There are 2 protein chains.
Amino acid sequence: MVVGELEIRPTEYLALASGRPLRLTVRELDLLTALAERHGRIVSREELYSVVWEEQYRKADRSVDVYIARLRQKLDEALPGRAYIHTHFGFGYRLSSD
Amino acid sequence: MVVGELEIRPTEYLALASGRPLRLTVRELDLLTALAERHGRIVSREELYSVVWEEQYRKADRSVDVYIARLRQKLDEALPGRAYIHTHFGFGYRLSSD
DNA sequence: GTGCCGTTTTCACAGCCTCTTCACAACCCG
DNA sequence: CGGGTTGTGAAGAGGCTGTGAAAACGGCAC
C-alpha cells in the first residue's frame, strides 16, 4: 500500500518512509494503516476508533487525536516538511500525499 | 447528488464544484445538502432550520441567512459568476443550476 | 511475586476554528 | 417613500483540536 513516499505493509508490521522503516508501535501502525486504506478520504474519529480499537467510540475520547499527533511527529522526523495527515475540523482526518 | 456542476456526498463529508472539493464547515455542508436534496424547489427558513439545526425555528433568527451568504461566497469562489442559490422574497431559498 | 521498561490511556491546558449574534446597509414591494 | 425583509462584516463565546506529561497497563526476566 503506497501513499506518496509512504509504503505500508500491514502483514509485515512494517511502514517505510522513502524506503526507510519507521519505528511505530502497534497502535500507531494500525492507525496509519486504517488511514492509508482510506487515503484521500476524510475519515471520522468514530470510524478510526472502531477500526483500530475494535470497540464503540465514546465521545470525548481523545485517543485518536493523541495517536494522530504521534504519527505526525514520526512522519515529520522521517519526511520533514511534508504534511501527510490533514485535519478536517468537525469531520475527522485525511491522509494524502499533497 | 448532483446539481449542475455541484456534486455533494454527505456520507463522505464532501462537496465538489467542477470536481474540486469545497472547503466547507459542518453547518455549511449540512445546509448545502438540505438545499441539494430539495433542489429546484423553494425551501422556507423554517424547513431549513429544522433540518439543519434540528430544533424549532425561532422567528427573527438569522442563522440561515448568514450561512446562505457564506455558501454563496464559497460557491462563487469555486464557480465565479454562477448563481446557484436564489432568494425568493418572503418565502425562502432555492438551489438550482440555472 | 517483584521490578523494569515500553506502550497505551488519560488528563490538563493552550490555541485555534466555528457558530451565533449583533448591527447596519441594502433591497423589495406596496 | 416607508416598513418589513434580506445581505453581510465583525466580534465574543463556546466547542474542538494539538500536545506534553502523568498515570495505568502488560509482558518479561529474575
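**Strands, pairs and a DNA surface**

Author: In chain A, strand 5 (residues 85-88) and strand 6 (residues 92-95) run antiparallel and are joined by four bridges. This is a predicted model, in which local features need pLDDT of at least 70 and side-chain atom pairs count only at pLDDT 80 or more, while totals for chains, interfaces and linings use all residues. Residues are numbered from 1 along each chain as its sequence is written, with chains lettered from A and ligands numbered from 1 in the order in which they are written.

Reader: What makes strand 5 and strand 6 of chain A a pair?

Author: Two strands pair if DSSP finds at least two bridges between them, and these strands have four, so they count as paired. Each strand is a DSSP run (E, at least two residues; helices are H or I, at least four), numbered from the N terminus. The bridge partner of Thr87(A) in strand 6 is Tyr93(A), and in the turn of the hairpin Gly90(A) has a positive phi of about 85°.

Reader: Why are strand 5 (42-43) and strand 6 (85-88) of chain B called edge strands?

Author: The open sheet has the order 5-7-6, with antiparallel pairing, and each of those two strands pairs on one side only.

Reader: How do you know which residues surround DNA strand D?

Author: A residue is near the strand if its C-beta atom, placed from the backbone, lies within 6 Å of it; 18 residues surround DNA strand D, and Thr87(A) and Thr87(B) are among the closest.
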